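Me: I would like to go through this model with you. Could we take it piece by piece?
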Amino acid sequence: MKFLWIALILVVIFAVMVRFSALRAGDKAPAVGTLAPDFTLNSQEGKPVSLHDFKGKWVVLYFYPKDFTSGCTVEAHNFQRDLAQYEQKNAAIVGISTQDENSHQKFCAKEGLSFKLLADSQHGVSTRYDSVMNLGIAKLSSRHTFLIDPQGKVERVWLDVKPDKHSEEVLAALTELQGAPTSR
């Protein structure tokens, strides 16, 4: 019985730490109107991918906690479902989490994902985008999204993402931004 109470207390402490970390993440995220920090990470194919590789395209740069978890799978499926619409709008989807290339490769294969997932196993890019949760025993990427224009400028930031409707929100923002006058 004593073990059960200790386990329960540890679970509560862990839950509080996760919630606190999630609230703190994003305080220093790149702001709308600033240049998105460039980076290079390996994709699920083990090949380096840089943000500047997408110059001339819109980029939906989304950070997510972990491959094969329910929310992350729903979010990825919805981006995949809407991929043709993004491509029509000259936009690329790029996902980043702290898992390695092998995990991303398995996730893409199992879930039928054809866009890039990048491995931030050293947490550097997640940290630069203030999208990392430090859980004490592990660091995971926070569920944040940055919509970056073809010149590399941050146009929209989402720090409170709901995975089930997020792709629709991003598409709506992209449509709005592309329909706006070109006085940028």
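Me: To start, does phenylalanine 107 count as buried or exposed?
Reply: Phenylalanine 107 counts as buried, at 1% relative accessibility. Buried means under 20% relative accessible area, exposed over 50%, and partly exposed in between, with a 1.4 Å probe and protein chains only. The model is predicted, so local features need pLDDT of at least 70 and side-chain atom pairs count only at pLDDT 80 or more, while totals for chains, interfaces and linings use all residues. Residues are numbered from 1 along each chain as its sequence is written, and side-chain values use heavy atoms, with hydrogens and water left out.

Me: Which residue forms an aromatic pair with phenylalanine 107?
Reply: Phenylalanine 68 does, in an edge-to-face pair with 5.1 Å centre to centre and 70 degrees between the planes. Rings of Phe, Tyr and Trp (its six-membered ring) pair if their centres lie within 6.5 Å; planes under 30 degrees apart count as stacked, over 60 as edge-to-face and the rest as tilted. Phenylalanine 68 lies in the loop between strand 3 and helix 2, and phenylalanine 107 in helix 4, so the pair ties together parts that are 39 residues apart in sequence. Helices (H or I, at least four residues) and strands (E, at least two) are DSSP runs, numbered from the N terminus. Phenylalanine 68 is partly exposed, with a relative accessible area of 41%.

Me: How many aromatic pairs does the structure hold?
Reply: There are 10 aromatic pairs. One of them joins tyrosine 62 and phenylalanine 79; this pair is tilted, with 4.7 Å centre to centre and 40 degrees between the planes. Tyrosine 62 belongs to strand 3 and phenylalanine 79 to helix 2, 17 residues apart. Both tyrosine 62 and phenylalanine 79 are buried. One aromatic cluster is formed by Tyr62, Tyr64, Phe68, Phe79, Tyr86, Phe107 and Phe115.

Me: Turning to helix 2, which of its residues are buried?
Reply: The buried residues of helix 2 are Gly71, Cys72, Thr73, Glu75, Ala76, Asn78 and Phe79. Their cover includes strand 3 (58–63), helix 3 (83–88), strand 4 (91–97), helix 4 (101–111), strand 8 (144–148) and helix 6 (166–179). The 12 residues of helix 2 (residues 70–81), at 1.5 Å a residue, should span 16 Å, and its end C-alpha atoms are 16 Å apart, which agrees. The expected span is 1.5 Å times one less than the number of residues.

Me: And glutamate 75, what does it touch?
Reply: Leaving out residues up to four places away in sequence, glutamate 75 touches Tyr62, Tyr64, Arg143, Thr145, Val161, Pro163 and His166. Contact means heavy atoms within 4.5 Å. Glutamate 75 is buried, with a relative accessible area of 1%.

Me: Which members of the largest nonpolar core touch the most others?
Reply: Tyr62, Tyr86, Ile93, Phe115, Leu117 and Leu147 do, in a core of 24 residues. A nonpolar core is a set of buried Ala, Val, Leu, Ile, Met, Phe, Trp, Tyr and Cys residues joined through side-chain atoms within 4.5 Å. Strand 3, helix 2, helix 3, strand 4, helix 4 and helix 6 each give two or more residues to this core, and the largest share, 5 residues, comes from helix 6. A second, separate core of 19 residues includes Ala36, Val49, Phe63 and Val125.

Me: Where does alanine 36 lie?
Reply: Alanine 36 is in the loop between helix 1 (2–24) and strand 1 (40–43). With a relative accessible area of 11%, alanine 36 is buried. Apart from neighbours within four places in sequence, alanine 36 is in contact with Leu51, Tyr129, Ile148, Gly152 and Val154.

Me: What stands opposite isoleucine 148?
Reply: Valine 154 in strand 9 does. Strand 8 and strand 9 (residues 154–158) pair in the antiparallel sense over 4 bridges; two strands pair if DSSP finds at least two bridges between them. They form a hairpin with 5 residues between them, and glycine 152 in the turn has a positive phi of about 95 degrees.

Me: In what order do the strands of the open sheet run?
Reply: The 7 strands follow the order 2-1-5-4-3-8-9, and the pairing is mixed. Strand 2 (48–50) and strand 9 stand at the edges, each with a single partner strand, so one side of each is left without a neighbour in the sheet. The twist averages 30 degrees from one strand to the next. Axes are lines fitted to C-alpha atoms, for helices over the stretch in contact, and angles run from 0 to 180 degrees between N-to-C directions.
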